[in-house]
Structures are given as structure tokens and as C-alpha cells.
Amino acid sequence: MWAVFSFIYIFIPNTKVNIKSGIIAGVFAGTIYQITQLIYLNFQVGVGKYNAIYGSFAALPLFLVWLQLSWRIVLFGAEISFAHQNVDTYEFEPDCLNVSRSFRNLLTLRVVNLLARNFANGGKALSAIELSRELEIPIRLLRDILNDLVESNMVSQIKTGEGKVLSYHPGCDINLLTIRYVLDNLDKKGSEDIPVAQTKELTRIKNSLKGFGELIEKSSDNLLLGDI
């Protein structure tokens, strides 16, 4: 059972998993699974013996409970594998769920800054793990940021190496990647085709935002991220 769980954690995820992390998770999850399975089987047999007529009716709900516990064990093992592989930043993972928008924007700009400079210097595309270690950003938060950048067509992802690891490099001309350009494209990500009341107040706010953006565009602080 250890081998089965280790195989699941090493080869099933759509990312490169450290073999040691997968084995440790497999041992933990496999042991818990075996213990839980023995308890379930003994309980199932006991219920069947207790009442030969009505005991069979308990089989289905007990099986559903067992099925849910099994998946919880699988997910628990996956979390162990993830925690072991990303032990340096794992303690900050809960904070990633509550990160402020301004701080997320700051980290996004830093990611683009690193990718643009790396590309300009002729460096190879960087994987999420390499970016996470270089910038010391928790891997889950970093992957969310990268996904936003990819969906906004500012970053491209390619498969590199023998393990076909997803790596990232700029997806557009790095001379376009100013602070305002990046933030503006992130703000425009998603749909705007939602019917709302087209009032004069809404139009005025929209025009104000447009003027605000134009001021930022002309500002000397609207730096080219690759030059920082």
C-alpha cells in the first residue's frame, strides 16, 4: 500500500514532485489507510453479525463513510508531500489566502521584473519552483500570480527539461512591460459583458479612472520593469 500511495503522489500530480517527498507522504497515508481499513472491516463484520436482517442496510452508508475517509486520507497525504517539498515557505501558506490586493500587485510586478531581466540577459525560462526560491514567495501564491499573468498574455509557459517541467518567460515585448501596463492588463482580465445601469455617475467614474490611468502612464514613476 505504501508503494501505491507513493506512486500516486509522485506521478499523478501535474507538476514535478520530489521523490523523497512522495515516498514520505506515501508511507504516512498508506499506514493511516491500512489502519482505517481494518477498523472499517471489523465494524462492517460486527454490524452484519449483530442483525442478519437489517445489518445489510448499514452496508451502503458505512461504505460511503469509508469512501469519504479514503479520499480524505489521499488528500492528507498530498498535503504532506506538498509541505515537505516546500518546507521553506509552507508556514506562510495560510496567509496566502488573505493576501491584500496591493501586496499581490507588488509581488506580481516583482515576478514580471525578474522574468523580464532574466530574458534580457539571455537566461533560460524559469520554473515556478525556481521563481519561488529566488523571490521567497510561497509556491501556491506564486502559481496563482503566474496563472493570472499567463491568462493576461504577459507571460508564456513552456515545457523544459527531461521531466517536461512548466517554465515561464515573458509573453510579449519586454519593452512594453511597464508598471502601468502590467497592472492595467491584470485589471482587464475577465469579462466586462455584464449588463449594468449606464448612469451618468458610472460614466463619470469611468472617465475619471481613464484620466487617472493616463496620468500614471505619463508619470516618471511608471518604470519599465526590465530596467529596475
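**Close-up views of a predicted model**

**View 1. Leu 126 faces Tyr 168 across the pairing of strands 1 and 3.** Leu 126 stands opposite Tyr 168, a residue of strand 3. In this predicted model, strand 1 and strand 3 (residues 165-170) are joined by two bridges in the antiparallel sense.

**View 2. Three strands form an open sheet in the order 1-3-2**. The pairing within the sheet is antiparallel. Six bridges link strand 2 to strand 3, again in the antiparallel sense. Lys 159 is placed opposite Leu 166 of strand 3. Strand 1 (126-127) and strand 2 (155-160) each have a single partner strand and therefore stand at the edges, where one side of each lacks a neighbour in the sheet.

**View 3. Asn 118 is a buried residue** **of helix 5**. Its relative accessible area is 19%, and Asn 118 counts as buried because this value falls under the 20% limit.

**View 4. Helix 5 packs against helix 7 at an angle of about 70°**. The axes of helix 5 (residues 101-120) and helix 7 (residues 139-151) lie 10 Å apart. The angle makes the two helices roughly perpendicular, because the range for that description is 65 to 115 degrees. Helix 5 contributes Arg 104, Leu 107, Thr 108, Val 111 and Val 112 to the contact. From helix 7 come Leu 141, Leu 142, Asp 144, Ile 145, Leu 146, Asp 148 and Leu 149. By residue class, the contact of helix 5 with helix 7 comprises eight nonpolar, one polar and three charged residues.

**View 5. The largest nonpolar core contains 27 residues**. Within this core, Val 111, Leu 149 and Val 182 touch the most other members. Helix 5, helix 6 (128-135), helix 7 and helix 8 (179-187) are the elements that each give two or more residues to the core. The largest share, seven residues, is supplied by helix 5. Two of the residues that touch the most other members, Val 111 and Leu 149, also take part in the contact between helix 5 and helix 7.

**View 6. Val 182 is in contact with residues that include Thr 108 and Leu 225**. When neighbours within four places in sequence are left aside, the contacts of Val 182 are Thr 108, Leu 109, Val 112, Leu 149, Met 154, Leu 177 and Leu 225. Another core, of eleven residues, lies apart from the largest one. Its members include Phe 5, Tyr 40, Trp 66 and Val 74.

**View 7. The whole chain has nine helices and three strands**. From the N terminus on, the order of elements is α-α-α-α-α-β-α-α-β-β-α-α. Of the 228 residues in the chain, 31% are buried. Among contacts with a separation of 6 or more, 66% join residues 24 or more positions apart.

Note on methods
Residues are numbered from 1 along each chain as its sequence is written. This is a predicted model: local features need pLDDT of at least 70, side-chain atom pairs count only at pLDDT 80 or more; totals for chains, interfaces and linings use all residues. Side-chain values use heavy atoms; hydrogens and water are left out. Axes are lines fitted to C-alpha atoms, for helices over the stretch in contact, and angles run from 0 to 180 degrees between N-to-C directions. Helices (H or I, at least four residues) and strands (E, at least two) are DSSP runs, numbered from the N terminus. Angles under 35 degrees count as roughly parallel, over 145 as roughly antiparallel, 65 to 115 as roughly perpendicular and the rest as oblique. Contact means heavy atoms within 4.5 Å. Ala, Val, Leu, Ile, Met, Phe, Trp, Tyr, Cys and Pro count as nonpolar, Asp, Glu, Lys and Arg as charged, and the others, Gly among them, as polar. Two strands pair if DSSP finds at least two bridges between them. A nonpolar core is a set of buried Ala, Val, Leu, Ile, Met, Phe, Trp, Tyr and Cys residues joined through side-chain atoms within 4.5 Å. Buried means under 20% relative accessible area, exposed over 50%, partly exposed in between (1.4 Å probe, protein chains only).
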